[in-house]
Amino acid sequence: MIDLDWDVERSRARRNKRWSQYGRDVLDLTVAEMDLPVAAPILAAVQDDVRRQAFGYPLADELSEVPQAAAEWLAEEHGLATDPDRVRLLPELMRGIVMSITHLTRAGSPVVVPTPVYGRFFDAIGVAGRRAVQVPMTAGELDLDGIERAIRAGAGSVLLCHPGNPTGRVLDAGPLRALAALAARHGAKVISDEIHAPLRYGPGFIPYGTLDHHAITLISATKAWNFPGLRCGLIVFGDPGDARLWSGLPRAAVGGMSPLGMTATVAAFREGRPWLREAVRFLDGNRKLVTSALTDLDIGYAEPQAGYLAWLDLRRFGLGDPAAHLLRHTGVATTSGADHGAAGEGFVRLNFATPPDVLTDALDRIVACLR
Ligand SMILES: Cc1ncc(COP(=O)(O)O)c(C=O)c1O
């Protein structure tokens, strides 16, 4: 059903950020977006919006179908029972993170961030006027003692990326339960960004909000269904008090979702399952290409359990900034690990959601260079 003959030229023709940052001689595996066409039901729904010129101000959140569609998706696919009244619409996830930190965590308190993590988390914490306390994960696991120490020292919240960007790690029940107990003990707010969760390769994903009823969860259809340019996302409040407080914030602070974003989100959650299954199968094939290309290299690499990012530990090669080295010597652009916190130094992040021939070319070049 997905047109798997989609190629990079068609991605280039979108004239978006992906494939526009370097010359044609560079294989760009940075921007976290897929070289895949958008699902037919989403495209049809958005085309219908365009035909009707649905470019006016968006409906009020509660009059749109989005909270209901999102609540159904979360209950059926993630096992997170959510009242649609606790779902609010965002212009992008980062806005939700900035505003949650600003208004729903203890005033002025630092924010704990298990690292390595999506670099823009640090921007968001800075925009909220707070300090980030980086607590490196050990072998992909949360350092619960480190998190507790940071909270005892004054941090008021924990910003989680689950599944992880850049690691693709799905956290286990044990550490998640321990984090929820710790948060309850100290009255800390946990904000869990679960944007990559629909793209998981196996069972076992536990939404953090099922374990902590005060948590804030961020989700979006944009990552899994590949329409990040429609700029939309969702925030889900476990705590009804948080939802009420959010409703009282001015529109200028929380923003809103565009009508096209609403349409695409509803189509994704209601009609997007077959496309998603195929996309995950496609990505899984690429995930295996990465794993087999790297087996003989003796580098630190754990196959992601979700998402389409590969996180490569290149520290033993002593390359300084390995992303700069690879770009210069192989013409493959990857994201510098250092963007993901101090724990990311010496690593690179590689987006493998690209046609298999492009991926194979990129992996061959990287492997030849590292050898
Ligand atoms: C964990 C995570 N959160 C949020 C985003 C971006 O969300 P938005 O563009 O809606 O702010 C990304 C994009 O890569 C991401 O990986």
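This is a predicted model: local features need pLDDT of at least 70, side-chain atom pairs count only at pLDDT 80 or more; totals for chains, interfaces and linings use all residues.
Strand 11 and strand 12 (residues 347-351) run antiparallel to each other and are joined by 2 bridges.

How well covered is strand 12? It is mostly covered, with 5 of its 5 residues buried. That holds on both faces: Phe347, Arg349 and Asn351 are buried on one side, and Val348 and Leu350 are buried on the other.

## Helix 4 against helix 5

Let us move to a pair of helices. The axes of helix 4 (residues 93-104) and helix 5 (residues 120-127) come within 8 Å, crossing at roughly 40°. The two helices are therefore oblique to each other, and helix 4 passes helix 5 in a right-handed crossing.

Which residues make the contact? From helix 4 come Met94, Ile97, Val98 and Ile101, and they meet Arg120, Phe121, Ala124, Ile125 and Val127 of helix 5. By class, the residues of this contact are 8 nonpolar, no polar and 1 charged.

## From helix 4 to strand 3

Arginine 106 belongs to the loop that links helix 4 with strand 3 (111-115). With a relative accessible area of 47%, arginine 106 is partly exposed. Arginine 106 and glycine 156 are 50 residues apart in sequence, yet their C-alpha atoms are 5.7 Å apart in space. Setting aside neighbours within four places in sequence, arginine 106 is in contact with Arg130, Gly154, Ala155 and Gly156.

Strand 3 pairs with strand 4 (residues 132-136) in the parallel sense over 5 bridges, and proline 114 stands opposite valine 135 of strand 4.

## Helix 2 against helix 10

The axes of helix 2 (residues 40-51) and helix 10 (residues 259-271) come within 9 Å and cross at roughly 150°. How are these two helices oriented? They are roughly antiparallel, because the crossing angle falls in the range over 145 degrees. The crossing itself is right-handed.

On the helix 2 side, the contact is made by Pro41, Ile42, Ala45, Val46 and Asp49; their partners in helix 10 are Pro259, Leu260, Thr263, Ala264, Ala267, Ala268 and Glu271. The residues of this contact fall into 9 nonpolar, 1 polar and 2 charged.

## Backbone details to look at

Most residues other than glycine have a negative phi, and most peptide bonds are trans. A few places in this model depart from that pattern. Histidine 162 and proline 163 are joined by a cis peptide bond, with omega about 0°. Another cis bond runs from asparagine 165 to proline 166, where omega is near 20°. Proline 163 lies in the loop between strand 5 (157-161) and helix 7 (173-186), and proline 166 is also placed in the loop between strand 5 and helix 7.

Tryptophan 19, in the loop between helix 1 (8-12) and strand 1 (27-28), has a phi near 70°. Asparagine 226 has a phi near 65° and is found in the loop between strand 7 (216-219) and strand 8 (233-237). Are these two residues buried or exposed? Tryptophan 19 counts as buried because its relative accessibility is 7%, under the 20% limit. Asparagine 226, at 5% relative accessibility, counts as buried as well.

Notes: Residues are numbered from 1 along each chain as its sequence is written. Side-chain values use heavy atoms; hydrogens and water are left out. Axes are lines fitted to C-alpha atoms, for helices over the stretch in contact, and angles run from 0 to 180 degrees between N-to-C directions. Helices (H or I, at least four residues) and strands (E, at least two) are DSSP runs, numbered from the N terminus. Angles under 35 degrees count as roughly parallel, over 145 as roughly antiparallel, 65 to 115 as roughly perpendicular and the rest as oblique. A crossing is left-handed if the near helix is turned anticlockwise from the far one by less than a right angle, and right-handed if clockwise. Contact means heavy atoms within 4.5 Å. Ala, Val, Leu, Ile, Met, Phe, Trp, Tyr, Cys and Pro count as nonpolar, Asp, Glu, Lys and Arg as charged, and the others, Gly among them, as polar. Two strands pair if DSSP finds at least two bridges between them. Buried means under 20% relative accessible area, exposed over 50%, partly exposed in between (1.4 Å probe, protein chains only).
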